[in-house]
Amino acid sequence: MPDAAPATWRAGRVLDAADADERARSFARMCAPSLRCLCASEQRFGAQIAALEAAPGEARAAQRLALLGCGLWPDGWAARTFSACFVST
């Protein structure tokens, strides 16, 4: 809720520029905390979306098998025939 109008204001009063500026500043003070919270929430949400968008690429890269500077990817070929042996180290 905005601050109450000053006690000196009466019905029918015509606002001048200073009155309008004071009301605008009052409204900005009232909204600032809510806007900061909303902005921080949007930034966190944006970071989560970016992480989700990057996840498929990271999963594909984790399945990559390095082959002499080239690579065998799940959706591509290194040669017509290919074999590999996984050895734990």
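I looked at the start of helix H1 (helices are DSSP runs of H or I, at least four residues, numbered from the N terminus). There, a side-chain oxygen of Asp16 comes to within 3.3 Å of the backbone nitrogen of Ala18. This is a predicted model, where local features need pLDDT of at least 70, side-chain atom pairs count only at pLDDT 80 or more, and totals for chains, interfaces and linings use all residues. Residues are numbered from 1 along each chain as its sequence is written, and side-chain values use heavy atoms, with hydrogens and water left out.

Next, I checked the span of H1.

Then I looked for a bend. H1 bends by about 40° at Cys31, with Pro33 following within four residues. The angle is between axes fitted to the seven residues ending there and the seven starting there.

I looked up salt bridges (a side-chain nitrogen of Lys or Arg within 4 Å of a carboxyl oxygen of Asp or Glu). The structure holds three. Arg13 pairs with Asp19 at 2.6 Å, N to O. Asp19 is buried at 11% relative accessibility, while Arg13 is partly exposed at 39%. Buried means under 20% relative accessible area, exposed over 50%, partly exposed in between (1.4 Å probe, protein chains only).

Glu22 bridges to Arg25 at 3.1 Å. They sit three residues apart in H1, so about one helical turn separates them. Arg29 also bridges to Glu22, at 3.5 Å. Shared partners join Glu22, Arg25 and Arg29 into one network.

Definitions and conventions. Helices (H or I, at least four residues) and strands (E, at least two) are DSSP runs, numbered from the N terminus. A polar contact is a pair of N or O atoms within 3.5 Å; within protein, one must be able to donate a hydrogen and the other to accept it, and residues adjacent in sequence count only if both atoms are side-chain atoms.
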